[in-house]
Amino acid sequence: MLNKFVFIILCFFNLCVALAQNCDLKLAGIVKDAGNGETLEFVNIYIKENSRGVSTDGSGIFKISNLCAGHLHLVVSHIGCTTQFVHVDLASDTALVLYMDHSKHKINDIIVKGERTVEKTLQSFETINIKTITDNNDLNLGSLLTKISGVSALKSGGGNAKPIIHGLFANRITILNNEVPQAGQQWGFDHSPEIDPLSANNIQVIKGTAALAYPGSKLGGVVLLKPSKIPNEPHLHGEGKYFYESNGLGNGLHLKMEQHHSKIAWRLSGTLKKRFDQKTPNYFLTNTGAQEANLALQLEKNITEKWFVNFYGSTYNTDIAILLPSHANNFVDLQNSIDREVPYITEFTTTINPPRQQVNHHLIKLNSKYFFTNKNQLAITLTGQLNRRKEFDIRRGGDSHIPIINLKQFAWLIEGKYKHQFSDDFTVKTGAQLNIIDNKSVRAALIIPNYLAYESGLFALLNKGFNNTKLELGLRYDNVLQNVVGLTIARPKQVFKEQNNFNNFSGSFGWKQQILENFNASFNIGYATRNPAINELYIFGRVPGISGIIEGTNNLVSEQSVKTTLGLKSNFAQLLNLEVLLYYQHFDNYIYYEPRGFRLTIDGGSFFYKHLQTDAQIYGLDFSAQLKISESLKANFTYSYLKGDDLSRNLPLIYMPPNNIAATIQYEFFQPIKIFSQQLENVTLSIDDNYTFEQTNYPKEIDFTPPPAAYNLVNFKAAADLQMNKTRWHFTLKVDNLFNTSYRNYLNLQRFFADELGRNVVLGVGFKF
Amino acid sequence: MFTKKLLNLLAATILVISFGCDPGDPEPHDHDHEEELITTFTYTLTPTDDSPPVILYFQDLDGDGGEEPKQSVTGSLKTNTTYAGIASLLNEDENPAHNVSEEVKEEAEEHQFFFNSSLSDVEVTYNDADENGNPLGLETLLKTGVAGAGTITITLLHEPEKTASGVKEGSIDNAGGSTDLQVTFNIVVE
């Protein structure tokens, strides 16, 4: 996407008359609301080169005179808006038109509405913007996504979090990092997506069954992470962010540098994080430290006017300690842990000891886009991913340094996509992919067998618009071939070989209607089949975090699902936004696992889990309301309801997220606050309250403990910006769990062993030059 | 030129992929790296008089697999008798069988056996110790009292808190740690 500002600047250059006096140039502009086109008053414009600043007047206009020719970097800030950075190469008197995302902001800065998104779709989606990502740089991806209603996280202590979208997770969720389907061991309940959210500029969650243009499951939602295009400006720019968190004494540093050099545009970013043991309100969580080191390189080049090539490479490396008291080998250990209020060990440690996970994920992507005309384009993409996962347990004989799980996966993707725009409101996209996954255990027990899978797919998407109606139709076919080599469960273990061949079909239909000027409805229906994954067919062993023996089922068949969503959005005089999303999903042969009794072994026996199939349904609603009381004071309210049923057995589905209500109130000072000679801008205070209900809808005879009680959490946040010469500083203070509430979370695998985190004070400082 | 470059890239990628195309046979006996299994537990009780020893035996060759373990007790214990107890742990999945008791002995500080009987008259005391003088339990003394029938549960804990209250005396309640072994036998004292 071409940067809007640059585009406008270029336009005006052509129109302007050169008055080439050296330091007698004028810069003027008008600032408008990107949402409704209205002009914006009190927008601050600051010029880095000469430290001059002005504000827009009542008609949104600003004027700066007596400027010298040359490069100017403007910082444009306004209440409730993400600060914009604009580059002007001033050669003559210049006029600008600037747009700011303003009215479309939700109070907590998650943009919900609007067309300026990563993926244009009629599906219901929500977006987390760069401000929310960087202000929460202490969070991992899974925890960050829970800021979206209808999205929760399956946790394993404080270190791991997997996104759950409308009750579905793991194999059914597709995560696209820079349009590359995230490979790796996504099936594991204690395996987080191996992505640094700080490498993205924008994170989008599509809640329907979308992403037919990508390989992977089409049954559940999609998480899209995308770095922005490198801004078209010739100077070196960079930013840095540092945070300190009190809980776990954690520190994190993120640095980014970028330049649109005439030869090649480049961006380099890196993140370092480290923390020690975390703490509940009453005791330390022994062995919950974590560390992370990530690096990403983005290169972009226009080889010709019609040929655009970009490269993306990233490496993600983490070590996560697993709560020591959760190391329950057998039934009695687990029972003892459940009966204990406080774990048997609550020492504070600063090292990462077994049980622990060590994960590395490396990605390279080469994408080439060719524009035949401005109506049709061809894109070819090659990607490679290497995922290494090692899990270390406490072992006898000084063997704790040898991993019990040691998986190595190569994933290769070759993709071609063609897009043709027949008219302004009729577009066809089509493409094909070949995805090759090679997964091996390296000198360790086989938790899942070695396999080599070929996934080849074809898709076509049609978008057609009429006056107030938009239609979307998508079809996709995938062939999945799994070559499996494993070991039998019975001893002495024998090698077995199997080949599985599956055909998956998916289709979706979307319809969006502008019913009134301020009321629209969108309806979506999607059908998809998903073949059983390797772990569902073959897994065998004790999975850390589940406290039991888990077994795959060899004769599972593909599951089929139909999901429908109905979204209603309305807006009352830009003061009140209401949005409701209703959804219903039906499954044939839904694959799940659950405790199937007790298995006697020499260490006293364990719960025994098996993968099973049933017919099921999941339905619910996500509701949100945003109220603008004044320009400074805003309130936000969300409610999520979800129910899952096992239709064959007439029982509730196990491990479904509990219902949740959240309310936020935010106050942003309209004018900058003067402190000595400095001005603090965008000073914002917000407080939010999150209430999670007790999950009462669970299979009572099957789960071995009832879900934890309901809980209420209050969080506080303050933020301010400060412009000093050429650098813009951003300060944040967050207090999570302000009242230090003790609680346990149904969706945390460690709920049997310990409470959740207590109060966490996070201080952040960021700069941008 | 553009298509040629692309084709070259494609060819290079396919070449790279084809190197990794065989999922490969896993090695069924990669024991250096698999978690050490305990397949067999024996608790041999030798009385101080001349009567035959009583052997408590538990064998589960398939580990976490679904086959039922084998379990036996040879004969019954005599009333008011002292037995010398020797616990033994084997991994019979290896050939020759690996003596896990040796490993436990070497890491005595990190291990402790616990013996709990439903018969209040059956009392087990430790007859060995680790380097710190804390009990281990590979060697024990078992004393019987009046006649009765019940169970004895034998537990081996890894990394117990040996200094916690009652643990040195053989109470498992405050020991924490994780369970390497836990078996329950039916015993008769007559």
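Predicted model: local features only at pLDDT ≥ 70, side-chain atom pairs only at ≥ 80, totals over all residues.
**Entry 1: helix α4 of chain A**

I looked up what the buried residues of α4(A) touch, and found that they pack against β31 (576-599) and β32 (606-628) of chain A together with β10 (178-189) of chain B. Residues are numbered from 1 along each chain as its sequence is written, and chains are lettered from A and ligands numbered from 1 in the order in which they are written.

Which residues of α4(A) are buried? I found Phe331(A), Asp333(A), Leu334(A) and Ser337(A), where buried means that 20 or more other C-beta atoms lie within 10 Å of a residue's own. Seen down the axis of α4(A), these buried residues fall within an arc of 165°, so they line one face of the helix; the arc is that of the directions from the helix axis to the C-beta atoms.

**Entry 2: chain A against chain B**

I then turned to the contact between the chains, which takes 52 residues from chain A and 42 residues from chain B. Among the elements that give two or more residues to the chain A side are α4 (331-339), β20 (356-371), β21 (376-392) and β28 (540-542) of chain A. By class, that side has 28 nonpolar, 13 polar and 11 charged residues, with Ala, Val, Leu, Ile, Met, Phe, Trp, Tyr, Cys and Pro counted as nonpolar, Asp, Glu, Lys and Arg as charged, and the others, Gly among them, as polar.

**Entry 3: two domains of chain A**

The domain assignment, automatic or from a database, gives domain 1 (4-100) and domain 2 (224-768) of chain A. Their C-alpha centres lie 39 Å apart, and 12 residues of domain 1 are in contact with 14 residues of domain 2. On the domain 1 side, the largest share, three residues, comes from β5(A).

**Entry 4: an open sheet in chain A**

I followed five strands that form an open sheet in the order β8-β13-β14-β11-β12 (chain A), with mixed pairing; two strands pair if DSSP finds at least two bridges between them. The edge strands are β8 (125-129) and β12 (180-181) of chain A, each pairing on one side only. Five bridges join β8(A) to β13 (residues 202-206) of chain A, and the two run antiparallel; in β13(A), the bridge partner of Thr127(A) is Gln204(A).

Methods:
Helix = DSSP H or I, 4+ residues; strand = E, 2+ residues; numbered from the N terminus. Contact = placed C-beta atoms within 7 Å. Buried ≥ 20, exposed ≤ 12 C-beta atoms within 10 Å, placed from the backbone.
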